[in-house]
Structure formats: C-alpha cells, structure tokens
Amino acid sequence: MNEPSTGLAADLGIAFAKVAFAMLVVLNFGGILTWVERKQSAIMQDRIGANRASIFGLRLFGLFHPLADAIKMLTKEEFTPARADRFLFGIAPFLSLFFALVAFATVPFGDVLRLGGREISLQAVELNVGILYVFAMLSLGVYGVVLAGWASANNYALLGGQRAAALMISSEIAIGASIMGVALVYGSLDMQTIVRGQGVYWFDLVPKWGILTQPLGFVLFLTAGIAATKRIPFDLPESESEIVGYFVEYSGMRFGMFMMADFVETVVIAGMTTALFLGGWQVPFLFPEGFNFPGDLAIPLPHLAVVALQVGAFLTKVAFMCWFMMLIRWTLPRFRYDQAMRLGWLGLFPLSILNVVLTGLVLLPRGGS
Amino acid sequence: MTDRPKIGLRQRVYLVEVLIGLGVTARHFFGNLGRHAAHSILRRKDVRGAVTIQYPEERRPYSPRLRSLHRLVRREDGSPRCVACMMCETVCPAHCIYIMASEHPNPDIEKMPARFDIDLGKCVFCGFCVEACPEDAIRMDTGILEFSAYSREGMIYTMDKLLALEPADETGRPRSPVPLPAR
C-alpha cells in the first residue's frame, strides 16, 4: 500500500526539481545577461564598462551591478498615471515576464537521466507539441506589451504597443514557418525528439545538426527570434530615439520586469536555437555509453558523467547563443519601422515558405522523414 | 540634392554585410578581451584593452597652458607676492576680483593685499589677470578643475585659500588636494 504514495511523492519531487532547474537556468542567465550586456558592449567598443559597484571593496568586474540595479529598482517610486487603467497597468509587466519565463519549459537540457530505477527525461515539461508551446508563449508575451501600451493612457506608449503587435505578427509567422522545416527534417514537434534526431551522423563524421540540415531555416529563425526579443536592431516597440515606447509610464521594478522580460526572451530564443539548430544537449561523438570517435577510438564514461557533459554542453551552447545575440545587438543599427515591416513580410516570410518547399522537395523522394 | 550611393546586391541582401560587421566587432571583442587578460592576469601594464581613463584615480595629462584654478604666489617669507596694484581687478572682464590694500611691514615694498577674493562663480577663466600682473603674483597653473560649492558664498576663494595652493606637476596633475565643498 505504501508503494504508490512514495512513487507519487518522488514523481512530484522530480517534477519540481526539473521545473526549478529550468527556472534557475532562465533567471540566472537573464540576470547575468544584464551584466553581460554592459561588459560585452564595453569591451567591443574599447571601453571598460560598469565596474564601480563593490561589496567590501570587492568589485569582481562589476558583477554586483545587477544586484545594485535590483535594489535601486525595488526602492524607487512606482508611479501610475492618473488616467491609466490601474488593473491592466499593474498586471501588464507580470504578463510580459510570466510568458517569457514559462516559455523555456519544453526546451530539453539533457537526455534521459537514470536514477534509482527511474528514467527522467531532462526537460521541465514533456510535451509532444513542445515547439508549438514555446511559440504560443512567445506570442502571448506580446499581450503584456500591448496592454502596457494601452493601459498607460499615453499616445506614445500606445504607439509602442501597436508596433509590438505588428512586429510580433510579422516575426512570429517567420519563426513558425522556419520551424516547419526543422519539424519536417526530424519528423516531430517534440523538442526532445528533435534533439535526439540531431545525434545522427553523416558518414559517421558530421553530426546532423539543424544548422547543417536547415541553414536557411537557421538564419531565418535567428533573425525572427531576435525580432521577437524586441531588442535592437528590432526595437520598434521601444524606439528610444522616436517614441520611447510601451513602457514610458513605467518606473521602478515594473519597468525592471519589462527589461527583464527582454533578457529572458533572449535566453528563450537562445535555448530554442540551441535545441533546434545546434544539437541541443548533444556533444559530438558522445553516446550514452561514452565517447566513440570515428576510427574506433572509444572512451567509456559512467552514466552520470555523460549526463553532466550533456547538460554542460547545452548550457555552453545557450551561453554562446546569448553572446552571439548580444554581439548582433551591439553591432547593427536599428531598423526603421517600415524597414522592419518590409524585412518581415517581404524578406523573412517568403524565404521561410521557400525553405519549407525546398525541404519538402528534398525529403519527398525519401518518402518522408 | 545629394546623390545617394548606389547600393549593390550584396548590400541589399544584407546578410554578407552583417557578417562582415559582426567580424569587426567580434575582432574588437576578442582582441580587447585578450589585452584585458594580459593587463590584469599577466600583469602586463603596458597592454591596455580599453581607452578609458578612470577619472578620479587617473587623469589625462593637461597642457601646461591650461588655465585652471588660480593661486597666489608667495614670497620667500611666505607673504603674498601681490603688491595690490589693482591691475588684475581692473582688467577682469567679469569683475570677480576684489582687493583691499594695506601697508607691507617691509618698507621696501609699498603695499600688500589685506583681502584678495576671487568669486569663481563669476570668473570666466580668461586669464587676463595673469597677463596683467606686473609681479607674477597670480597664476592659473594648479591643474585643479573640479571646484564646486553648495552656495554662492562657497565659490568665493579668499587670499588664504589661494595662497595655500601649489602649482601642478609637469603632467598637469594637481599637487594640492582638490578642494571639496563644505556642506
């Protein structure tokens, strides 16, 4: 009689642990990205960057600045305009951050972990339509932005919100269509299955990662994904130089949540790019039994070491993608509104449809996946 | 009307140019990262990864011609070299100098100032006072640029304050402590 209840408790514990790990990854990456943004931009521009915040004289390359920012934002005044819709104004930043945070749930961060006779798939939520889920959450995130723009009772904020909606539609279509190519190649919408599919090798040499099977899809997805994060070069909702954007009326931690949502979305897009195009948790030539290099060189590894290597590889790839997206953000000038719309509708959208057609044509003679 | 440069196919496709741009910034990133590492880990102080001058601790060298905070030059015995001739007060376009003359204890020297106030809130830093002075008694070579006060009265520098200031060293770094505003 005792058996099922302990099983349930263990299941719950495992579920909690997986969700906690995914949250930890997203929140920590998001927090550190605020530091990375400052430091990386500084180093790219021959500057030093924020380095003054210190605890007991310890500066640690400015790593305390995110902490100082959080304290500053929490202690600042939260201002609500007199004519604002108080309920929507208050809930908008939470919506924005919530959907960004939960989007990471189906991104797999490791293969199966065998622990005490259980097989735990290292993925916060196992969904067989994982991609669509992330896609949906990213689209829902724009509600927070649109509501913020509308509830602020400020024309500039409203313009920002409308631009966010327009940008979201033009970029999410390209995201969806470029994902279709990946789904065709690996024959699944489950991200774990897609990552496993990338563990196959051409001629036992080249891993079949999404970036090699879908090069055009990768470029399109990354471009549209950067547009979905609402950061430069696609910062139309914000447009600091024209309309200041949907969060003009926000102050204190509510503004901080919008800013945080942008960074978290960067992490989510980086995680998705990693899972769909960079082999997810796959380490080249690492199999469940250990390394097996071409030329019959095999290094057997214990199960836990393999899992640790896989999770480490996933985190490294996500970190690299975050770095790369920051590099793009600090290299390119921003698009004007009409330019971004033209790029989205006349560039990304037709190309992603073309990508689907080409992928289909290549796969058709093989009779499916 | 300006002729817009022709944009070729490569520029219009955008991707190639973006990659070239990313190459430039990535080269800066990794180059500077390496130089930062050499500077702080390998202790190679001649290698710098940034052009930043960390101001309160570091200063860029100032030109010797720079007109900074005034000082009054002292004689060997410590009394002001100024003879209260009122040349500087007369030439000052901002009327920011106020001098009150008195007898000098030494009969060879006719006068000395009893009061010598400069209202830095009015001063325009033209340097005419330095040019006009026949005794080389006032100079603007302290290298101090950061004087501030919480009140207008705080911007009035009296003779004692001006006499206490030292000239800057050869790189323009002030020898006197930067005067901090009293609350």
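Which residues have the most contacts inside the largest nonpolar core? Select A:A103, A:F104, A:A148, A:V264, A:V267, A:V268 and A:C322; the core that holds them has 88 residues. A nonpolar core here is a set of buried Ala, Val, Leu, Ile, Met, Phe, Trp, Tyr and Cys residues joined through C-beta atoms within 7 Å. Buried means that 20 or more other C-beta atoms lie within 10 Å of a residue's own, exposed means 12 or fewer, and partly exposed is in between, with C-beta atoms placed from the backbone.

The model is predicted: local features need pLDDT of at least 70 and side-chain atom pairs count only at pLDDT 80 or more, while totals for chains, interfaces and linings use all residues. Residues are numbered from 1 along each chain as its sequence is written, and chains are lettered from A and ligands numbered from 1 in the order in which they are written.

Stay on A:C322 and show its contacts (C-beta atoms, placed from the backbone, within 7 Å). Leaving aside residues up to four places away in sequence, A:C322 touches A:F29, A:L33, A:V36, A:T266, A:V267 and A:A270. Another core, of 20 residues, lies apart from the largest one; B:L69, B:M112, B:I118 and B:L162 are among its members.

Next, select residues 130–151 of chain A, helix α4. Helices (H or I, at least four residues) and strands (E, at least two) are DSSP runs, numbered from the N terminus. After α4(A) comes A:A153, with a positive phi near 55°.

Now show where the chains meet. Chain A puts 12 residues into the contact and chain B 14. On the chain A side, α1 (2–44) and α10 (303–329) each supply at least two residues, and α1(A) gives the most, with 3.

Select domain 1 (1–52) and domain 2 (71–164) of chain B, with bounds from an automatic or database domain assignment; their C-alpha centres lie 51 Å apart.

Key:
Contact = placed C-beta atoms within 7 Å.
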